[in-house]
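Hi everyone, thanks for making time this morning.

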Amino acid sequence: MHAPPDDPLAIRITAVETVVVNAEMRNWILVKVRTDQDGLIGWGEASLNWKTRSVVGAVEDLATMVVGRDPRDIEQLLRIMTKHSYYRLGIVGTTAISGIEHALWDILGKSLGQPVWRLLGGKVRDRVRVYTHLGLGDMRSVYETFDATAVKEKAAAVVEQGYDALKVVFVPYGHHLTVARERRQVDGLMDALRDGVGPDVDIMVDFHGRPASPAAALQYIEVLQPYDPLFCEEPVAPGDTEALRWVSEHTSVPLATGERLVGLREFLPVLASKAIAVAQPDLNHTGGLLEGKRIAALADTEQVGIAPHNPNGPIAGAAALHYAVSTPNFVIQEEMSGAVSWYDDVVSTPMTREGSHWLVPDAPGLGVEVDETEAAKHPYRPEVPQSSAAVLPDGTVVDW
C-alpha cells in the first residue's frame, strides 16, 4: 500500500476492530474504527446471519488497506477497499465494507459536530415511519408462527405498542406449484391477521423467495390481494428479474425486493425492469450509506420507493435512521428493537419511537455509544440454523 501524502490537518485511522455480540438467534458484528485523535472513534455494523467468522476475517483483511489514511475521505476509502481487493467481494466482503463505512461516517459527523443525516444531504422529513414483526422482533416469532390464533394475538400486541404497520413471514416452504391446502392456509392466516389489526394497519408479507416459480408466487399473491397488503416482498428468489417482471405484470399488488442484492450494479436490472414498487437495500450488506444513496437516487428516477431491509442490530438501525431522514423516496423502515431484552444495554442509540415513527436525531455522527463491558457478557456463539426447517415432507431442500 502506498503511504498517503503528508497533511498536517489529517486524521489518521490507527486500527479497525470488531466486537461480536450474540443476540440469541443472531450475532451482531460491531465495527470499531480508531483514530489518532484522542477520543475520536467511529462505530459501524457488519452483521450477516451465519457468516460471522467470515465477515470478521474480511474486516481484518480490509483493515490493512485503510489504516494510516484519513477516515473522512469516505469515497476514496471505498474505492481502495473495492478496487484493491481485485476479486469481486460478494456478500461477505461487501458487508465488511459496509460496517467500516458506517464507522467512517460516524467519525466524520463527530469531527464536524453534525449528525450523519445532515452530511448525507440534510433533512427531507420530520419523522421516519417504521414497522416491526410478530413478536416485536423476536426471531422465533418472526419465522416460526404459522398458527392463525397466534398470528392474531402477536399482531395485536404489535399494534398495542403503537405501530401502524407490521410484516409477516408465513408463506409455506414451497416448490414449483402450490396446492389447495397451502393456499387455504395462507388465506386463513391473512384473514386472522387482518381481522386482528383492523383495516387501517398496513401489512407486508415477506415471501422470502420461497415459491420456486413465478406461477406459484402469483397464486399466493392472488390469495392475499383481497386483504390489501402494502406490498409482497421477494415473491421469487433474487436474481431472476424476468420472473419478477412476469409476476408484476399479472397483479396489481405492489412488489418489493432487494435485501439480497449487493450494490447498485445488482439493482440496475431490477429497477430498469419496472417490476417493483419498492426497493429494499440492506445498508449492512449493499456497500453502506453512500451506495445506499446511489441506489435510492436511481430508484427515484424509476419511480420506485425505498424501504430498507434491517433485521440487524442497533448500529444498523441508527445508520438506517440517518439514511431515512435524508432520502426523499424513502417509504418505511424495518426495525427490530425488541430482538433481545437487553438491546439498549449494549448500545445506546439515537432511535426514539413515538407510535409508528422514529424522531430525527441531533447528536453528532450516528449518535451511538457502545458499552464494551456489557457487550462482553454476550460473546459469539454459532447462530441457530433457522433454515433447517426448509425441507419438504419428501426430503426436498427448498429456499428458506
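At what angle do helix H1 and helix H3 pack, and how far apart are their axes? Before I answer, a word on what you're looking at. This is a predicted model, so local features need pLDDT of at least 70 and side-chain atom pairs count only at pLDDT 80 or more, while totals for chains, interfaces and linings use all residues. Residues are numbered from 1 along each chain as its sequence is written, and side-chain values use heavy atoms, with hydrogens and water left out.

Now the answer: H1 (residues 52-66) and H3 (residues 90-112) pack at about 65°, and their axes are 8 Å apart. Helices here are DSSP runs, H or I, of at least four residues, strands are E runs of at least two, and both are numbered from the N terminus. Axes are lines fitted to C-alpha atoms, for helices over the stretch in contact, with angles from 0 to 180 degrees between N-to-C directions.

Who makes the contact (heavy atoms within 4.5 Å)? From H1 we have Ser54, Val55, Ala58, Val59 and Leu62, and H3 brings Val92, Gly93, Thr95, Ala96, Ile97 and Ile100. That splits into eight nonpolar, three polar and no charged residues. Nonpolar covers Ala, Val, Leu, Ile, Met, Phe, Trp, Tyr, Cys and Pro; Asp, Glu, Lys and Arg are charged; the others, Gly among them, are polar.

Next, H6 (residues 148-160) and H7 (residues 180-197): they pack at about 30°, with axes 8 Å apart. H6 also passes H7 in a right-handed crossing. Among the contact residues are Val151 and Lys152 of H6 and Leu189 and Asp195 of H7. This contact has eight nonpolar, two polar and two charged residues.

Finally, the rings. Phe, Tyr and Trp (six-membered ring) pair if their centres lie within 6.5 Å; planes under 30 degrees apart are stacked, over 60 edge-to-face, the rest tilted. That gives five aromatic pairs. One of them joins Trp28 and Tyr343, edge-to-face, at 5.4 Å centre to centre and 80° between the planes. Trp28 sits in strand E2 (residues 27-35) and Tyr343 in helix H13 (residues 343-346), so the pair ties together parts 315 residues apart in sequence. Buried means under 20% relative accessible area, exposed over 50%, and partly exposed in between (1.4 Å probe, protein chains only). Trp28 is buried at 3%, and Tyr343 is buried at 5%. With Trp342, these two form one aromatic cluster.

Methods: Left-handed = near helix turned anticlockwise from the far one by under 90°. Contact = heavy atoms within 4.5 Å.
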